[in-house]
Amino acid sequence: MSALWSVGAGLLLLLLWVRHRGLEAVLVHHRWVFVCFFLLPLSILFDIYYQLRAWAVWRLHSAPRQHAQRVRHIQQQVREWKKEGSKRYMCTGRPGWLTVSLRVGKYKKTHKNIMINLMDVLEVDSERQVVRVEPLVSMGQLTAHLNPMGWTIPVVPELDDLTVGGLIMGTGIESSSHIYGLFQHTCVAYELVLADGSLVRCSPTENSDLFYAVPWSCGTLGFLVAAEIKMIPAKKYVKIHYEPVRGLQKICEKFTEESKKKENSFVEGLLYSLDEAVIMTGVLTDEAEQSKINRIGNYYKPWFFKHVEKYLKADRTGVEYIPSRHYYHRHTRSIFWELQDIIPFGNNPVFRYLFGWMVPPKISLLKLTQGEAIRKLYEQHHVVQDMLVPMKSLEKSIQTFHVDLNVYPIWLCPFILPNNPGMVHPKGNETELYVDIGAYGEPKSKQFEARASMRQMEKFVRSVHGFQMLYADCYMTREEFWDMFDGSLYHKLREQMNCKDAFPEVYDKICKAARH
């Protein structure tokens, strides 16, 4: 009872303090208070609910039977929209705050919301080595489902809450992408409900134009209702080699060299300053030296990027064996390094041991509760951007990031970009090696101004025939946007499938210049 009284008294004092300071002031200047006392417990409840639901669905084998019924309901909603006169654009009815993207989509309030409740793993086909899933299946859910069966998918984008639909309609990448390409390149088929209410399956051999046009289209060609993704055999561990490298030219040379080696299952770089980095290479294995096993995903372990930094500070190489699922979600607990700005003491050993099991807070809940003051603060003084540039432009790109943003650490992730039709492909006729440069945090550049600086970055990325991930704030004009992306197939299909009255153009859906 005394413990309960203490907790109660503590909460009462906290509420009195919040009332004294004002809720908005606390949310802006002491956000960790709200996150630690409210969002972390709520995030735990969210996780428990979805895990129990996924387990129950699979145990009862209801997902495949319910899937067809749910798809028919989506078709019915689209046909009702047509009967009403097709007066408004359509979009998914999923609330904007539930998405991992930090952008707040205002179109949800004006468009016809089509409810799509599709969040189940439908089938694991070991013979074809393909898993069929619904679009709201998350990466955490999928790896937890496949790993015990001895399978995984070739590209497991980092954060647990990223969904299959978001990774297809947008894009996804991981440190295995130098072998397998982007997430879309590991998919073998999509099923969509189109603007006329029909259900269509597409693959490289069936409705191939639609198959290649869907990625990066952000839901503006139809509603994704299922996807088939390649599977590969899972192994118990990833053997990681850490190598600190100094000097920008040497960093770029080493990273390029390792990215071209197909014997590396994984390649990743963390850039801690303009001329200091740790390059990591990994190999899947079932054998491990027991003394070198690091279960980095355990709640009490240091955040991964801080753990990696120790090799740089000590100026030494190292080898570890990380359990595969821990590796796939190694940046999840700290949301890469974003959580250090929200909970500054989050990597402190005391906090990790006492409360680390509750981390991270759900990104969706952070969005839901951020308020207008925090949203504007983040928009003007914070960047979350991934720019995809040819590997040959890596050194020049890092220098540009340093001058325009000066945000560290920077994430480097190589990927192979095949010359397939669609919005994103190399400039030439051959497959080309690219790199994702991820900048997440508060820019230290003195001349940083959100709109002007990002437009300068976008101009540079276009000049090297690169691409901007569309989950982030985009400031390009329509002409600049279609200079960056190849819209020929996309626009052809929107015309053929009568999408123009059903869905907004992708530019109008995601770009700031169109939304304001």
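Just after helix H17, histidine 465 takes a positive phi of about 60°. H17 itself covers residues 450-463; helices here are DSSP runs of H or I with at least four residues, strands are E runs of at least two, and both are numbered from the N terminus. This is a predicted model, so local features need pLDDT of at least 70 and side-chain atom pairs count only at pLDDT 80 or more, while totals for chains, interfaces and linings use all residues. Residues are numbered from 1 along each chain as its sequence is written, and side-chain values use heavy atoms, with hydrogens and water left out.

Back to H17: at 1.5 Å a residue, its 14 residues should span 20 Å, and the end C-alpha atoms are 20 Å apart, which agrees. The expected span is 1.5 Å times one less than the number of residues. Among the buried residues of H17 are Met454, Met457, Glu458 and Arg462, where buried means under 20% relative accessible area, exposed over 50% and partly exposed in between, using a 1.4 Å probe and protein chains only.

Two other positive phi values turn up in loops. Serine 86, with phi of about 50°, lies between helix H4 and strand S1; at 24% relative accessibility it counts as partly exposed. Tryptophan 216, with phi near 75°, lies between helix H8 and strand S8, and at 1% it counts as buried.

Tryptophan 216 also belongs to an aromatic cluster that includes Phe415, Phe467, Phe485 and Tyr507. Rings of Phe, Tyr and Trp (its six-membered ring) pair if their centres lie within 6.5 Å; planes under 30 degrees apart are stacked, over 60 edge-to-face, and the rest tilted. The structure holds 25 aromatic pairs. In one of them, tyrosine 242 and tyrosine 311 are stacked, 4.3 Å centre to centre with 10° between the planes. Phenylalanine 467 and phenylalanine 485 have centres 5.8 Å apart and planes at 35°, so their pair is tilted. Phenylalanine 467 sits in strand S17 and phenylalanine 485 in the loop between helices H18 and H19; both are buried.

Finally, the cis peptide bonds. One joins valine 359 and proline 360, with omega about 5°, and proline 360 lies in the loop between helices H13 and H14. Another joins tyrosine 408 and proline 409, with omega about 0°; here proline 409 is in the loop between helix H16 and strand S15.
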